[in-house]
Amino acid sequence: MKVIYNGKADPKTFKDVLSASIPQMLDTNPDVIYLDADLMSCIGTAKYAKANPDRAINCGIAESNMAGIAAGLAAAGFKPICHTFGPFASRRCYDQVFLSAGYAHNDITMIGSDPGVTAGFNGGTHMPFEDVALYRAIPGATVVDVADSAQLENILPKLVMREGVKYLRVNRKSNDLVYEAGSEFEIGKGVVIREGKDVTIIAAGFMVGRAIGAAEVLAQKGIEATVIDMFTIKPLDEQRVIDCAKKTGCVVTAENHSKIGGLFSAVSECLIQNCPVPMGYAAVEDEFGEVGPVDYLAERFGMTVDHIVEVVEATVAKK
């Protein structure tokens, strides 16, 4: 794994990866099957589905039904991949995922695209900040929030073959470029991107590049930050969190979802029991989403480099 962050957008979109990786898995593994809730064109799988109707199923705008079908297929030995927009992959079909997949021990992979502020002009109804909290509450579930295309490309096949309920939140366009193509990642292990002695910034997904950018600004101010890409929010890499917290004495989380039940909650639950330190967060407060361009929404909900810097400085001052 090699970090190549340069502050620029990843030239390869997440849609590019999904449109190539899902068909590849379908073609190479007869147990993998793909279901979608009428959004195949949004992630580039429509052409494949038309040519392979027995391998890719359009369930229509019926997400709960899709989750039930996936659970049934899993019970029959298949490895279903389900895709729809983030709010529909989480709150709309939550009962079916919880009971028919989680409780019944059926292995399904749910992909929730355009989560949080990346929903943009689709607006507040399509802007899940609560999806991570919902999936974290399912016993044995795995929750992943990827940072860039290289991470998605490596993680997706591993996630599909993993046992239990898996939830992957991913933008359809691109985030900042962070990793070199071909990088390897282990589910459940956070990636230390940068070492520092004064504070630990733990980020996931959309916020990883912003966390690195904040660390660079902080370094110019004399504050050295460790940055961890905690792409697996559940199971959390608790030992890495504890070790870094002990080293730096304070922790800030940066996330494109609600602080209630999200990464901040996961990290807080770990540290309050094992290594209490001053904590801060750049995350969504107890609020609903709204309509607007992504840059505006990032500013509106405190997901900017400047806001992370402010939170870090305030948190370091509490040490």
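This is a predicted model: local features need pLDDT of at least 70, side-chain atom pairs count only at pLDDT 80 or more; totals for chains, interfaces and linings use all residues.
1. Domain 1 runs over residues 14-170 and domain 2 over residues 191-316. If you are looking at the contact between them, 28 residues of domain 1 and 32 residues of domain 2 take part.

2. **How much area the domains bury.** The size of an interface is often given as the accessible area lost when the parts come together. Here domain 1 and domain 2 bury about 2,200 Å² between them, and 61% of that area is on carbon and sulfur atoms.

3. **Polar links across the domains.** Between domain 1 and domain 2 there are 13 residue pairs in polar contact. On the domain 1 side, H7, strand S5 (142-145) and helix H8 (149-161) each supply at least two residues of the side that touches domain 2. The count of salt bridges between the two domains is 1.

4. **Helix H6 and its buried side.** Which residues of H6 are buried? In this helix, which spans residues 94-103, they are Tyr-94, Val-97, Ala-101 and Gly-102. These residues sit on the same side of H6, because they cover an arc of only 85° around the axis.

5. **What H6 packs against.** The buried residues of H6 have several partners: helix H4 (63-75), helix H5 (86-92), strand S4 (108-113), helix H7 (131-136) and strand S6 (165-170). After H6 comes His-105, which has a positive phi, near 60°.

6. Asp-107 is in the loop between H6 and S4. Is Asp-107 buried or exposed? With a relative accessible area of 18%, it falls under the 20% limit, so Asp-107 counts as buried. Leaving aside neighbours within four places in sequence, Asp-107 is in contact with Ala-74, Phe-78, Lys-79, Pro-80, Arg-162, Glu-163, Gly-164 and Lys-166. One of these contacts involves the backbone: the Asp-107 side chain reaches the backbone nitrogen of Gly-164 at 2.8 Å.

7. **The Lys-79 to Asp-107 pair.** Side chains of opposite charge can pair when their charged atoms come close. The side chains of Lys-79 and Asp-107 do this in a salt bridge, at 3.4 Å from N to O. Distant parts of the chain are linked here, with Lys-79 in strand S3 (residues 79-85) and Asp-107 in the loop between H6 and S4, 28 residues apart. Lys-79 counts as buried too, at 16% relative accessibility.

8. **The Glu-184 to Lys-158 pair.** Now for a salt bridge with another setting: Glu-184 pairs with Lys-158, and their closest N and O atoms are 2.9 Å apart. Glu-184 is in the loop between S6 and strand S7 (191-194) and Lys-158 in helix H8, so this pair links distant parts of the chain that are 26 residues apart. Glu-184 is exposed, with a relative accessible area of 51%, while Lys-158 is partly exposed at 32% relative accessibility.

9. **The Lys-259 to Glu-285 pair.** Lys-259 and Glu-285 also form a salt bridge, with the closest N and O atoms 3.6 Å apart. Lys-259 lies in the loop between strand S11 (251-258) and helix H11 (263-274), and Glu-285 in the loop between strand S12 (279-284) and helix H12 (294-300), so the pair ties together parts that are 26 residues apart in sequence. Both count as partly exposed, with relative accessibility of 23% for Lys-259 and 33% for Glu-285.

10. **Salt bridges overall.** How many salt bridges does the structure hold? The total is 16. Besides the pairs above, please have a look at Asp-131, Asp-145 and Arg-169, which are linked in a network of salt bridges.

Notes. Residues are numbered from 1 along each chain as its sequence is written. Side-chain values use heavy atoms; hydrogens and water are left out. Buried means under 20% relative accessible area, exposed over 50%, partly exposed in between (1.4 Å probe, protein chains only). Helices (H or I, at least four residues) and strands (E, at least two) are DSSP runs, numbered from the N terminus. The arc is that of the directions from the helix axis to the C-beta atoms. Contact means heavy atoms within 4.5 Å. Domain bounds come from an automatic or database domain assignment. Buried area is the accessible area (1.4 Å probe) that two parts lose on being put together, summed over both. A salt bridge is a side-chain nitrogen of Lys or Arg within 4 Å of a carboxyl oxygen of Asp or Glu. A polar contact is a pair of N or O atoms within 3.5 Å; within protein, one must be able to donate a hydrogen and the other to accept it, and residues adjacent in sequence count only if both atoms are side-chain atoms.
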